[in-house]
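Let's take a walk through this protein, starting with an opening in its surface and then turning to what is packed inside. Keep the structure in view as you read.

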Amino acid sequence: GVTSLESGSTLQFSAEVLPVDASDPGVTWSVINDVGSASITAGGLLTAGNPGLVIVLATAADGSGVTDTFPLDIIPPPILVESITISSAGGVTSLESGSTLQFSAQVLPEDATNKSIDWSVSNGTGTANITGGGLLTAGNPGTVQVIASAMDGSGTSDAFSVSITAPQVPITNIVLEAAGGITEVQSGQTVQFSANIIPQNASNQNLQWSVSNISGTANISTQGLLYAGNPGEVEVLASAQDGSGITGSYMLVSGEKIG
């Protein structure tokens, strides 16, 4: 019952001849090429040529002049996908658990007949899932492969590696302490400061130490060792480097050096 055929393909035709007791039930096969073209064997096997309409003709071989026709549409063969290139929004290759990331795919050639893509994820040490539209949701930490496969039967695909990371735990508070709990120091002396970071499992516990000179002066090392300068008040600061904006502070008074 086929009514269309790709160029280069073959299709077998048959003919029912009536009456069934006709003396010569044979038929002669031929093709009337219209917009398209095709050829047919004496046994009714048609080979499709150029795209377009053709008319298959069966003529009684007994000289009665009885015929029948069958229109057939010759269609171009599909243009298969040759390459797929996956890209992520912003070129991101690392994603926190629970977060989402949109993927897209460039399909070539541009005139491929079927450019539909099947998205899937191959879980490695991590896990994730992806929608039919390429939106990935990160699961357990580790590595996964995002895969885009052509749906035209070409077998063409591409893979994109994504690293799933544990969610970042931000710093919520920083409490500063001076060695011995002192609040006063003489000019020229040093004081070691430490910081209690809350929560203790904060992902990035790096701090930036600094001093805000109020009426006195001091400077501080990257390890929290303060050098007292001119007498007066200073404020010791420790700022989180995780983007949380949290800063801890400690007021210190520097007095005149004795002797």
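A quick word on terms before we set off: the strands here are DSSP runs of E, at least two residues long, and they are numbered from the N terminus. Bear in mind, too, that this is a predicted model.

Let's begin with the largest pocket, which has a volume of about 330 Å³. Its lining is made up of 23 residues, and those nearest the centre are Ala15, Glu16, Val27, Ala58 and Asp68. Which strands each supply at least two residues of that lining? They are S3 (27–33), S6 (52–60) and S7 (67–75). S6 gives the largest share, with 5 residues. Sort the lining by class and you get 14 nonpolar, 5 polar and 4 charged residues.

Now for the packing. In soluble globular proteins, nonpolar side chains tend to be buried together. Here the largest nonpolar core has 21 residues, and the members touching the most others are Leu95, Phe103, Trp119, Leu136, Val146 and Val162. The largest share, 4 residues, is from S14.

Zoom in on Val162 for a moment. Setting aside neighbours within four places in sequence, Val162 is in contact with Thr93, Leu95, Phe103, Gly142, Thr143, Val144 and Val146. Apart from this core lies another, of 20 residues, including Val191, Ala202, Trp209 and Ala240.

Key
Residues numbered from 1 in each chain as written. Predicted model: local features only at pLDDT ≥ 70, side-chain atom pairs only at ≥ 80, totals over all residues. Heavy atoms only, no water. 1 Å grid on protein atoms, 1.4 Å probe; cavity = no way out; pocket = protein on both sides within 12 Å on 5 of 7 lines; lining within 4 Å. Points joined across faces, edges and corners; volume = space filled by probe spheres on them. Nonpolar A, V, L, I, M, F, W, Y, C, P; charged D, E, K, R; others polar. Core = buried A, V, L, I, M, F, W, Y, C linked by side-chain atoms within 4.5 Å. Buried < 20%, exposed > 50% of the residue type's maximum accessible area, 1.4 Å probe, protein only. Contact = heavy atoms within 4.5 Å.
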